[in-house]
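Me: Please take me through this structure by question and answer, as I am new to it.

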Amino acid sequence: MSNSTTVQSVDRAIAILEILAREGATRVTDLAVELDVHKSTAFRLLAALEQGGLVEQSGDRGRYRLGFGVIRLAGAATAQLDLSREGREVCLRLAEEIGETVNIAVPQDGDTVNISQVRGPAAISGHNWVGQRTPSHATSSGKVLLAFGALRLAGELERYTPRTVTSAAGLGLEEIRRRGWAATVEELEVGLNAVAAPIRGADGSVVAAVSASGPSYRLTPERLPEVGELLAAGAREISQRIGYYR
């Protein structure tokens, strides 16, 4: 097949998706007429799209409609492009409820990168974490991403404070998966504690983490379970906003 023929087929396939989005369930003959192609050509294009889950046959024999694959792709795009925007309202509420700084972080090259931050009313530090890379094993967001498979440990685990966990076994990843949130107690910085919960994309995989961090005298170990449950509920809401439905 020549390059021009391939491009033409792609253009026609896109046109079919646009027609189905506009018209809903449509007969093959009607698609062929609108595309100005033979019915066999329209059927061949539909078969390829159906194989990829982008179209499906409706209950009315001979008609096609958009398939679940379109929703999956749309959800993935939303997760990548709008995670920070869709999560902001939830983060604002969490920062108010918890009283501490709330961040959203995503995996990148073995570390975590913070893409959004909301300061809580009790926050005393002006530190901006947005755009900063942080080590996965020493942060609550990183531990969440490790526990749910969005990140993998690689190489020796660096020690940042006397409390930094430097062994894979000591991270407690199975426990994090069981309870649905992770915590760090002065593991990245002395005097800084944090809690995080997983955000899921449209396909159910963990794509990010939402966390709350604050001084250890205020975000005490005793508060961590309560904050963890608040973050887990918030993470579920953000997940739904970006296309995940259980």
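Me: In which sense do strand S4 and S9 pair, and over how many bridges?
Reply: In this predicted model, strand S4 covers residues 101-108 and strand S9 covers residues 206-215. The pairing of S4 and S9 is antiparallel, over 5 bridges.

Me: How many bridges pair S8 with S9?
Reply: Arg200 has Val206 as its bridge partner in S9. The hairpin of S8 and S9 has 5 residues between the strands, and Gly204 takes a positive phi near 95° there. S8 and S9 are antiparallel, and their bridges number 9.

Me: How many bridges join S7 to S8?
Reply: These two strands form a hairpin with 6 residues between them, and Glu186 in the turn has a positive phi of about 55°. Thr184 stands opposite Ala194 in S8. S7 and S8 run antiparallel, and the number of bridges that join them is 4.

Me: Which are the edge strands of the open sheet?
Reply: The sheet has 6 strands in the order S6-S5-S4-S9-S8-S7, with antiparallel pairing. An edge strand here pairs on one side only. That applies to strand S6 (133-134) and strand S7 (182-185).

Me: How many of the 10 residues of S9 are buried?
Reply: In the order of the sheet, S9 stands between S4 and S8. A residue counts as buried when its relative accessible area is under 20%. By that cut-off S9 is mostly covered, and its buried residues number 9.

Me: What is the volume of the largest cavity, and which element gives the largest share of its lining?
Reply: The count comes to 1 cavity of 30 Å³ or more. Its lining has 17 residues, and Thr139, Leu188, Ala194, Ser211 and Ser213 lie nearest the centre. S4, strand S5 (111-118), helix H5 (140-147), S8 and S9 each supply at least two residues. The volume is about 200 Å³, and the largest share of the lining, 3 residues, comes from S8.

Me: How many charged residues are in the lining of the largest cavity?
Reply: The lining of this cavity is divided into nonpolar, polar and charged residues.

Me: What is the volume of the largest pocket?
Reply: The largest pocket is lined by 15 residues, and those closest to its centre are Pro198, Arg200, Ala232, Arg236 and Arg246. By class, the lining has 6 nonpolar, 3 polar and 6 charged residues. The volume of the largest pocket is about 290 Å³.

Me: Which element gives the most to the lining of the largest pocket?
Reply: Helix H6 (173-179), strand S8 (192-200) and helix H7 (224-241) each supply at least two residues of this lining. The greatest contribution is 6 residues, and the element that gives them is H7.

Me: Why do the buried residues of H2 line one face of the helix?
Reply: Helix H2 spans residues 28-35, and its buried residues are Val28, Leu31, Ala32 and Leu35. In an α-helix, residues three or four places apart point the same way, because there are 3.6 residues a turn. Seen down the axis of H2, the buried residues line one face because they fall within an arc of 100°.

Me: Which residue just after H2 takes a positive phi?
Reply: The residue asked for comes just after the helix, and its phi is about 60°. It is Asp36.

Terms used: Residues numbered from 1 in each chain as written. Predicted model: local features only at pLDDT ≥ 70, side-chain atom pairs only at ≥ 80, totals over all residues. Heavy atoms only, no water. 1 Å grid on protein atoms, 1.4 Å probe; cavity = no way out; pocket = protein on both sides within 12 Å on 5 of 7 lines; lining within 4 Å. Points joined across faces, edges and corners; volume = space filled by probe spheres on them. Nonpolar A, V, L, I, M, F, W, Y, C, P; charged D, E, K, R; others polar. Buried < 20%, exposed > 50% of the residue type's maximum accessible area, 1.4 Å probe, protein only. Arc of directions from axis to C-beta. Pairing = 2+ DSSP bridges.
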